[in-house]
Amino acid sequence: MDGGSGDMTLAFDLAALKELAHPDAVFTDARQWSEYVGVVSEKPTYVVTNFTRKHRIRQDFFSGPRGREESLANVKEQFGTERHVYVGTEEGDRALAEAAGWEYLDVTEAAEAAGWDLGEATAPAQADADEQSRDDWP
């Protein structure tokens with residue numbers, strides 16, 4: 001995927017990440033042509049944190065306890081890049097992005113352009129082994 005100048009903030013809706021077979025690889029790839037990459041969701045913070053931890057995703061920002069529209073507005077204000085692109089899954093996401101002043105890209109279009117695989121998100125093999133061997137988890 002050609003991100004242009006690289007002066008871009010890229011936000012994935014959690015639902016979009018769940019449609020990508022290897023979300024960790026997607027974040028690694030996106031970092032090559034994006035300044036900031038993160039996750040936006042209306043789900044509770046622990047849901048996003050659990051998903052990103054399981055998939056070894058290091059995010060520059062996440063929505064926290066606020067709604068997606070407020071999160072997009074805050075991220076846009078905090079990260080003053082030339083472009084702000086929101087990757088979502090449905091028409092409502094497009095309207096949300098446009099209302100917040102973001103460009104919208106459907107996850108299937110983004111995956112096709114960037115060469116990302118669609119499918120059920122799978123955690124890296126090492127993440128599963130690490131999780132089983134941790135003694136600080138209940």
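1. Let's start with a charged pair: the side chains of Glu42 and Arg68 form a salt bridge, 4.0 Å from N to O. (A salt bridge here is a side-chain nitrogen of Lys or Arg within 4 Å of a carboxyl oxygen of Asp or Glu.) This pair links distant parts of the chain, 26 residues apart: Glu42 sits in the loop between strand 2 and helix 3 (45-54), and Arg68 in helix 4. Searching the whole structure gives 7 salt bridges.

2. A word on the source: this is a predicted model, in which local features need pLDDT of at least 70 and side-chain atom pairs count only at pLDDT 80 or more, while totals for chains, interfaces and linings use all residues. Residues are numbered from 1 along each chain as its sequence is written, and side-chain values use heavy atoms, leaving out hydrogens and water.

3. Helix 4 (residues 68-78) packs on helix 5 (residues 91-99) at about 40°, and their axes are 9 Å apart. The contact (heavy atoms within 4.5 Å) involves Arg68, Glu69 and Leu72 of helix 4 with Asp93, Leu96, Ala97 and Ala99 of helix 5.

4. Now for the sheet. It is open and has 4 strands in the order 2-1-3-4, with parallel pairing. (Strands are DSSP runs of E with at least two residues, helices are runs of H or I with at least four, and two strands pair if DSSP finds at least two bridges between them.) Strand 2 (36-40) and strand 4 (103-106) are the edges, each pairing on one side only. Neighbouring strands are turned by 25° against each other on average, ignoring direction.

5. Within that sheet, strand 1 (residues 8-13) and strand 3 (residues 83-88) run parallel and are joined by 5 bridges. Ala11 stands opposite Tyr86 of strand 3.

6. Two helices lie across strands. Helix 2 (residues 23-30) covers strand 1 and strand 2 by lying across them, at about 145° to strand 2. Helix 6 (residues 107-114) lies across strand 3 and strand 4, at about 80° to strand 4. (Angles run from 0 to 180 degrees between N-to-C directions, with axes fitted to C-alpha atoms.)
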